[in-house]
Amino acid sequence: MSNLEALTTAATVELYDESDGAFGELIHPNLVLTSLSERRASSSSAGPSLVGRVDLVAPTDRPSGVDVRSLPYAPIDPSESREVPLEVSNISTLPVRIRWVNSNGDAPATHVWTVEPESSWVQYSAIGHIFVLSLVTSEASDLFESPPPEEVLCAYRPIMSLPSGAPHSLLVEGSWPPFIVEYALLDGTGYDALCVSASTIEAEANARSRAEVRRTLKALRTVVGNVRGNPAEGKYRRLRTSNERIRRDLMGSFGATDMLRVVGFCETGAERG
């Protein structure tokens with residue numbers, strides 16, 4: 001039995017991504033197993049890669065299918081040639097196994113790691129490489145016994161380095177189903193979170209007019225500029241959501257409201273301040 005053939009079932013898991021897919025792809029176990037099934041059914045040794053591109057916005061918006069066409073391991077962004085740190089913290093009650101999957105869709109035995117409960121693992125990865133996480137529910141009793149099946153938690157694929165240089169961080173939590181895998185932004189400065197908010201505003205341009213996006217960006221510059229320029233003035237630290245322009249230019253944009261939260265605004269009843 002090869003390393004990947006031990007992956008036969010999907011764990012009951014909830015996936016959360018604080019970056020909304022801005023820095024990497026957190027891929028549901030059912031999609032991983034679909035790709036594995038396609039690969040096993042292929043008669044060619046150079047069959048489909050493990051995972052195709054999956055655009056994951058939120059757990060409830062997960063696509064039902066998976067593109068198993070082969071993907072190159074070259075950086076998605078040609079300027080992204082350096083390796084990035086990937087960290088997995090296991091705060092569940094079961095060991096977590098991590099497999100690096102090469103460009104042929106195989107998991108070499110030299111690149112399989114086990115992360116025990118209450119411990120962490122750090123590895124540098126090139127952009128675009130695939131790592132599969134699974135739960136180890138039992139171990140083989142001797143060296144000659146085939147490894148018992150494992151439950152797939154997810155796959156993760158970094159697509160760009162974090163602006164702050166912080167690691168791509170995955171947290172595995174739980175003592176019984178559903179387990180939780182969370183992609184967490186750990187940069188204490190909030191810089192990475194700001195970049196996520198900015199990318200969300202950019203993505204909203206598909207659903208909003210350019211004029212609306214420009215108004216949102218201008219309003220954000222004004223609000224943040226007022227706070228920075230007048231840190232002791234309380235009036236600049238409060239936004240009245242009853243104001244028509246605030247509602248139109250800021251509250252109608254998820255990216256804008258998220259950016260306000262990152263810089264320190266919080267909701268207080270009918271207003272934000």
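1. E150 lies in strand 9, residues 150-158. Strands here are DSSP E runs of at least two residues, helices are H or I runs of at least four, and both are numbered from the N terminus. E150 is buried, at 2% relative accessible area. Buried means under 20%, exposed over 50%, and partly exposed in between, with a 1.4 Å probe and protein chains only. Beyond its neighbours within four places in sequence, E150 is in contact with A6, L7, T8, T9, R97, R99, S134, L135 and V136. Contact means heavy atoms within 4.5 Å. R97 is 53 residues from E150 along the chain, and their C-alpha atoms are separated by 8.7 Å.

2. A word on provenance. This is a predicted model, in which local features need pLDDT of at least 70 and side-chain atom pairs count only at pLDDT 80 or more, while totals for chains, interfaces and linings use all residues. Residues are numbered from 1 along each chain as its sequence is written, and side-chain values use heavy atoms, with hydrogens and water left out.

3. The overall counts. The chain has five helices and 13 strands. Of its 273 residues, 44% are buried. Among contacts with a separation of 6 or more, 69% join residues 24 or more positions apart.

4. Helix 2 against helix 5. Helix 2 spans residues 191-203 and helix 5 spans residues 254-262; they pack at an angle of about 165 degrees, with axes 7 Å apart. Axes are lines fitted to C-alpha atoms, for helices over the stretch in contact, and angles run from 0 to 180 degrees between N-to-C directions. Helix 2 and helix 5 are therefore roughly antiparallel. The cut-offs: under 35 degrees is roughly parallel, over 145 roughly antiparallel, 65 to 115 roughly perpendicular, and the rest oblique. Helix 2 passes helix 5 in a left-handed crossing. A crossing is left-handed if the near helix is turned anticlockwise from the far one by less than a right angle, and right-handed if clockwise. Helix 2 contributes A193, L194, S197, A198, T200 and I201 to the contact, and helix 5 contributes F254, G255, A256, D258, M259 and V262. These residues divide into eight nonpolar, three polar and one charged. Ala, Val, Leu, Ile, Met, Phe, Trp, Tyr, Cys and Pro count as nonpolar, Asp, Glu, Lys and Arg as charged, and the others, Gly among them, as polar.

5. Helix 3 against helix 5. The packing angle is about 15 degrees, and the axes are 10 Å apart. Helix 3 and helix 5 are therefore roughly parallel. Their crossing is right-handed. T216, L220 and V223 of helix 3 meet A256, M259 and L260 of helix 5. The contact residues of this pair are five nonpolar, one polar and no charged.

6. Helix 3 against helix 4. These pack at an angle of about 110 degrees, with axes 8 Å apart. Helix 3 is therefore roughly perpendicular to helix 4. R215, T216, A219, L220 and V223 in helix 3 meet R248, D249 and L250 in helix 4. The contact of helix 3 with helix 4 has four nonpolar, one polar and three charged residues.

7. The buried side of helix 4. In helix 4, residues 244-251, I246, D249 and L250 are buried. They sit on the same side of helix 4, because they cover an arc of only 95 degrees around the axis. The arc is that of the directions from the helix axis to the C-beta atoms. Helix 3, residues 210-229, and helix 5 are among the elements covering these buried residues.

8. Backbone points to check. The peptide bond from P177 to P178 is cis, with omega near 0 degrees. P178 is in the loop between strand 10 (168-174) and strand 11 (179-184). D20 has phi near 55 degrees, a positive value in a residue other than glycine. D20 lies in the loop between strand 2 (13-17) and strand 3 (24-27). D20 is partly exposed, with a relative accessible area of 35%. E118 has phi near 60 degrees, also positive in a residue other than glycine. E118 is in the loop between strand 6 (112-115) and strand 7 (119-125). E118 counts as exposed, at 64% relative accessibility.
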